Amino acid sequence: MKRRKWKSLLLAAVLITNMSVMSQFEEKSVFASFSVAGSCGELLWAFESEGTLTIRGDGVMDDYDAFSKPPWDKYMHLIKKVIIRDYVERIGSNSFNGAVSLTSVEILDGIDAIGDYVFADCARLEKIDLPESVSDIGEGTFKGCSSLKSIEIPKNIKIISSNLFEGCSALESIVMSNVETIDKKAFYGCSSLEKINIPKTVNKIYDAAFEGCSSLKNIVIPDKVTSISNDLFRGCSSLEELNLHDNVQQIGSKVIFGCKKIKEVSIPAQTVEIDDDAFDGSFLSSVTVDKKNMEYENVGSVLFNKGVTKLIY
């Protein structure tokens with residue numbers, strides 16, 4: 001009798017334990033399939049727990065900043081994939097800034113503009129395909145995307161904005177065709193970039209655009225570019241030569257600082273302004289000046305102003 005009672009108690013305990021486990025499992029299952037949704041400007045958003053955030057609707061997204069966070073901010077670290085549907089016209093600034101788990105972005109054709117720092121510090125993002133409809137990309141949009149390896153710039157883009165690819169240390173390939181301006185620090189710290197083909201359409205390259213591109217070996221400056229801006233190739237320790245075409249009129253400060261492989265520079269006839277510290281921190285052994293230049297001349301391998309009253313380098 002006692003043995004039968006003991007068995008009954010044991011069976012009851014097992015059943016209670018199983019019910020408790022099942023209850024916990026069901027709670028976890030419900031949590032694992034949760035989804036949340038809301039609005040963002042003129043659009044709607046939905047986040048599913050497996051990590052996909054979808055933006056849909058017709059219009060533009062709100063811009064966000066440190067004081068105005070996106071409505072999905074509490075899930076930002078969980079976002080693995082972003083889908084931007086048709087008819088979304090613009091992605092708001094800082095929308096996915098710091099989405100550290102983001103690996104995949106799907107942007108359907110129709111997007112016109114991408115705001116500032118949209119994908120900044122998305123450290124796991126390796127590749128993104130931008131539709132040809134995009135005509136404007138804000139500053140710092142891919143800053144700190146340290147896994148981004150390649151990207152093709154849509155043909156409608158005229159400006160590579162400031163800090164656009166700053167800190168993209170894995171970037172190896174970039175294709176751009178109709179760009180006219182490369183803004184300051186656009187490729188700052190792109191330490192894996194060995195070669196970049198700058199389109200002939202480019203007429204302005206601003207300060208430090210390629211600073212810290214330590215693997216960059218060769219670069220051709222388009223004929224429309226008349227100014228070599230400050231710190232332009234600073235820290236490009238693999239750059240083998242600096243070819244200045246005939247249209248270069250101005251050379252800024254510390255343009256080849258730390259470029260230990262560049263040993264010679266030739267100054268074109270049209271150059272009328274060279275900063276006093278233009279070649280500071282360089283490893284030049286020789287500077288020559290076109291004999292037609294009216295502002296500068298070289299004596300041996302040393303650079304002076306015309307008339308040899310001021311030593312430049």
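Why does Asn293 count as buried? Its relative accessibility is 1%, and buried means under 20% relative accessible area, with exposed over 50% and partly exposed in between (1.4 Å probe, protein chains only).

This is a predicted model, in which local features need pLDDT of at least 70, side-chain atom pairs count only at pLDDT 80 or more, and totals for chains, interfaces and linings use all residues. Residues are numbered from 1 along each chain as its sequence is written, and side-chain values use heavy atoms, leaving out hydrogens and water.

Asn293 sits in the loop between strand 19 (286-289) and strand 20 (296-299). Strands (E, at least two residues) are DSSP runs, numbered from the N terminus. Thr54 belongs to strand 3 (residues 52-57). The table lists contacts (heavy atoms within 4.5 Å), not counting residues up to four places away in sequence.

| Residue | Relative accessibility | Contacts |
|---|---|---|
| Asn293 | 1% | Ile267, Pro268, Ala269, Thr271, Lys306 |
| Thr54 | 10% | Leu44, Trp45, Ala46, Ile83, Arg85 |

**A strand pair**

Strand 5 (residues 81-84) and strand 7 run parallel, joined by 4 bridges. Two strands pair if DSSP finds at least two bridges between them. Val82 stands opposite Val105 in strand 7. Side chains alternate along strand 7 (residues 104-107). Val105 and Ile107 point to one face and are buried.

**Cysteines**

A disulfide is a pair of cysteine sulfur atoms within 2.5 Å. By this rule the count is 0 disulfides. Cys190 is in none; the nearest cysteine sulfur, that of Cys213, is 5.1 Å away. Cys190 is buried, at 0% relative accessible area. Cys40 is buried at 1% relative accessibility.
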